[in-house]
Amino acid sequence: MKAGHMKKGPTTAGESRRRSSVVSGGGVLLAGALLLSSCAAAPPVPAASSVPSAAQAAGQAVPAQSVPAQPVSPVPAITAAPTSPAAVPDIPVRPAAPEAAVAAPVPVSLTVAGTPINMPVVPVGVSDSGAMEIPDAFDRAGWYRFGPAPGAAAGTAVIAGHIDTKSDNAPFSALKSVAAGTVVEVGREGAPALKYRVVSVELMAKDRFDGSSVFRRSGQHELKVITCGGEWLDERMDYSDNVIVTAVLE
Amino acid sequence: MRNRIFTAGAGAGAIAAAIALAGPAQAAEGDAQLSVLHGVPGLTVDVWVNGDRTLDDFAPGTLAGPLALPAGAYELAITASDAADASAAVIGPVSVTLAANGNYTAVANLDAAGNPTANLFTNDVSQIEAGKGKLTVRHTAAAPAVDVLAGGAAVVSNLANPNEQTLTLDPGTVSAAVAATGTTAPVIGPADVTIAEGTHTVVYAWGSLADNNLQLAVQTIEGLHSAPGSVPGALDGSTVGAASDPAALTLGIGAAALALLLGGVGVARTVAARRAE
């Protein structure tokens, strides 16, 4: 839609370069990962930990000498009070080089006190139909690896398992009956286990599934342990509801 | 003479504006988000917005922003880093119009012939389906058309300055290289590029082939994730039901392979193709 803006004129790279002075990097604003301000709850991303922590906030890094001493009309520095409608706040600046990903500790086991739920946890993603993947085995649970991990600073860590096998109930069938205060322990790879306590057990109708609340990536950190429940609906070949246990870190 | 080239990026502004809920949260309602990438080697500059010095001593290979700016027209100018004002621009001044809730990256870069110029790209901040990430590659280097290779195979072909292409991918780390179109000898990379789920990763090729300083810059736009549509916790009947597919379990975990979703190549690609000169 902007194609009409294209203008072309003579270009003189050489002249541009001659006119510019190449200064040393002393005043360069290296503000680290501040750019990534849009979603504090997103899973750990490269910049969060691999950018030097000593980086300064952009606005503080403006060297005084870089602003001309006697402009006819004073030039406001970045940190100056906004003086025009287009005035900008401190602007984060970071190196744009590719960075390596940093992964959070992965959950490997789930135990719900007073139930048969004591099983390995494996990372899972999304099926072709857009559903959360669930391990086929009745004695294994899946952790939604694209969302927050247990122990994350924010958002919900989601672990789910099957309620039944083709012929019998699975350990997760006990989920609907857990009481508030029940201890839920999540073992992690390379990190201490985490102890959660159940704060609620709810049924959520599958036809009114609220994915954005179950799979939150911001807000208070919670653990959601999920399986199926409600009624078996032959016509859907599915249960009517999800059983959602919400637990918070002790 | 000043370079006045100011090419608009993808024409997805209307789409971006319509689905801007997922954009960076620091903005006031309706503000546009403007990031600025410096991709001109060897040239430390100041960036001026409407005559105000906005970025001081902005160095090559750095990314600033996003700035939250009310929708409207802005004049951007890039000067030498010791300029007293914006009058002696080395790039611009150029006028850009930022739509409400739009997300943009202004890039100071070299055109294909090596002359400093600027491009305004519109970033697609639409929601990404659960389990996927988005990758856009932008050619902002003084170099001929290129292919982008992942694992040795071209995933983007014949991309010319200042065009872009967007792919929807499985998350993972991609070993990406850039080669002249039709070849596989890297002129950049290979370098690991992380495609995070729910994140739009924008990779810029910048620098100059002739000066042997081509490199990659990476911008990420987070918070574009979607939630899975359901949690199918029943195994009874699942073998005949369509809702769950246990066979797909965990297979893709950790796989760095690029699974191109041909159907998922979005608006930006179409636009980029249309814009190809």
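Predicted model: local features only at pLDDT ≥ 70, side-chain atom pairs only at ≥ 80, totals over all residues.
Author: B:Asn212 is exposed, with 8 other C-beta atoms within 10 Å. Residues are numbered from 1 along each chain as its sequence is written, and chains are lettered from A and ligands numbered from 1 in the order in which they are written.

Reader: OK, and what's phi at B:Asn212?

Author: Near 60°, a positive value in a residue other than glycine. B:Asn212 sits in the loop between strand S16 (200-208) and strand S17 (215-221) of chain B. Strands (E, at least two residues) are DSSP runs, numbered from the N terminus.

Reader: What about B:Asn101, buried or exposed?

Author: Buried: B:Asn101 has 21 other C-beta atoms within 10 Å. Its phi is positive, near 65°, and it isn't a glycine.

Reader: Where does B:Asn101 lie?

Author: In the chain B loop between S7 and strand S8 (103-110).

Reader: Switching to peptide bonds, which one is cis with omega near 5°?

Author: The one from B:Gly92 to B:Pro93. B:Pro93 is in strand S7 of chain B, residues 89-98. Another cis peptide bond joins B:Asn161 and B:Pro162, with omega about 5°.

Reader: And where is B:Pro162 found?

Author: In a loop of chain B, between strand S12 (153-159) and strand S13 (164-169).

How values were computed:
Helix = DSSP H or I, 4+ residues; strand = E, 2+ residues; numbered from the N terminus. Buried ≥ 20, exposed ≤ 12 C-beta atoms within 10 Å, placed from the backbone.
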